[in-house]
Amino acid sequence: MIKLDFVKKVNNNLTLKVKKEIDDNEFIAIFGESGAGKTTILRIIAGLEKPDFGKIIVDDEIWFDSNKNINLKPQKRKIGFVFQEHALFPNMSVYENLLYAKNDKNRANLLLKLTELEDLKQRFPHELSGGQKQRVALIRALMREPKIVLLDEPFSALDMKMRESLQDEIIKIHNQLKLTTILVSHEIAEVIKLSNRVFILKDGQIIKDDKPISIFTKQKITSSFKLNATVLDIKDKENLSILTLSFGSNIIEISVSKKEAKELKVGDSIIISSKSFNPIIEKIKF
Amino acid sequence: MDNQFYETLFLTFKLAFVTTIILLIIGLPIAYFLAFTKSKVKPILETFVSMPLVLPPTVLGFYILLFFSPQSAIGSFFEKFGLKFVFTFEGLVLGSVIYSLPFLVHPIQSGFQSIPKSLIEASYTLGKGELQTFFKVLLPNIKPSLLSGTVLAFAHTIGEFGVVLMVGGNIPGKTKVASIAIYDEVEALNYDLANRYALVLFLISFFILLTVYILNKKVRV
């Protein structure tokens, strides 16, 4: 059980106010726009930054308490932190990176096996692909058997395919090792796939806290599939408007009524949903 | 004559060697401090470290003579421990350490600054303290800067003239180094010997720097 209750002034425009409880084995996603303070929350939990006042209690152990003047160093907190840019030590091989965290060869071998990285253990970080680096960073963070795993947008530097396989890996590890995981992300699909609970962070405050699927669909839409898309362009054509949308790496054009288009502007995030009425389905062949 | 030639060269390299070792011991913590501190004294310390770059060596030499003469408080304090800094080898080392400090500190400081902050933080979150992070993560990842700093300090000490002349005088076998010997021999119209000293210094400096540049190309960052 993690109890967070703290305040930190990040800059003149942003003051973080967090008051939440997180149960064991939860997979939390902190979602919000960049600059909302997502990463700062992780860094505060990790002890890399200090709140102005408040408390952080993990399993009845006080990690931070401004009243009692307690502030556990990052070294003393049982966390695993995965940085945006892997942060592997360039001077050490994969195996050495793991053993640096904890000199426990059995655990290192176990984690390497779990992520199918055994063959790469003698390689150096610059000899790995982006996805492999991030997997090594993940298992390195698990070497010390942390209570909490903190993931700071670990997929942002990866392409779609690598993202998906790393996401699967993270779910597997989260379940297998019974971890409590907190993920910072600004990708809706990622949040829905991974987490069981989302904190929506806006201007330093958690404005919503719910299951991802109920948060991201304002009202229950009785459709069979939904896509998250971004509006790239709006064009008027006779009595309709043509929207150019991007979702993932695809770009599509759809037509909507002028009334619907009026409420949209370029850059808006929207959800397209469709009823399961005569869709075209084709099996993907590899 | 030949004996004195080798004696002088030996002294020159001994001075450079001792100076570099001492510089590494005091320069590394200074570079580390300057690279990561947010303290307000940083600009002041930085200025002191960089002063020798712009100050005439004679100014530094003059102050060392002034502050470390046996009549001064500092000088008489050190004399109790049998340390004399005026017209001695120890004095040369002191002067050279101060004078070559920026050449060691600057490259190493920028090396430290070029290391992504996340590497250091990763080490902390993996339970490692500052000291272990310094030796296992920071130093191994700034090898090129470390090499440049060390070699520049060494080479610069070999080439030092003004401070050494002021503080050391010109005592053969004790404080007479090659750069001063050249000046001496030219004054005495002894061009042959001056030429030999000059050539040795020229060649050594050339090959030291060449080695650094070749190695820096090879070292993986």
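Predicted model: local features only at pLDDT ≥ 70, side-chain atom pairs only at ≥ 80, totals over all residues.
Chain A is divided into two parts, with domain 1 spanning residues 2-216 and domain 2 spanning residues 225-274. The C-alpha centres of these two domains of chain A are separated by 34 Å.

Chain A also meets chain B, and in this interface 20 residues of chain B are in contact with 20 residues of chain A. The area buried between chain B and chain A comes to about 1700 Å², of which 62% lies on carbon and sulfur atoms. Turning to individual interactions, 1 salt bridge is found across the interface of chain B and chain A, and it is formed by the side chains of B:Glu121 and A:Arg43, with an N to O distance of 2.7 Å. Between chain B and chain A, 9 residue pairs are in polar contact, where both residues of a pair have pLDDT 80 or more. On the side of chain B that touches chain A, helices α6 (117-125) and α7 (130-138) of chain B each supply at least two residues. Of the elements of chain B, α6(B) gives the most to this side, with 8 residues. By residue class, the side of chain B that touches chain A comprises 6 nonpolar, 8 polar and 6 charged residues.

Within chain A, helix α2, which runs over residues 94-101, is mostly covered, in that 7 of its 8 residues are buried. The buried residues of α2(A) are A:Val94 and A:Tyr95, followed along the helix by A:Asn97, A:Leu98, A:Leu99, A:Tyr100 and A:Ala101.

B:Ser69 counts as buried because its relative accessibility is 15%, whereas the cut-off for a buried residue is under 20%. When residues up to four places away in sequence are not counted, B:Ser69 touches B:Ile64, B:Gly75, B:Ser76 and B:Val86.

Terms used: Residues numbered from 1 in each chain as written. Chains lettered and ligands numbered in written order. Heavy atoms only, no water. Domains from an automatic or database assignment. Contact = heavy atoms within 4.5 Å. Buried area = accessible area lost by both parts, 1.4 Å probe. Salt bridge = Lys/Arg side-chain N within 4 Å of Asp/Glu carboxyl O. Polar contact = N/O pair within 3.5 Å; in protein donor to acceptor, adjacent residues only side chain to side chain. Helix = DSSP H or I, 4+ residues; strand = E, 2+ residues; numbered from the N terminus. Nonpolar A, V, L, I, M, F, W, Y, C, P; charged D, E, K, R; others polar. Buried < 20%, exposed > 50% of the residue type's maximum accessible area, 1.4 Å probe, protein only.
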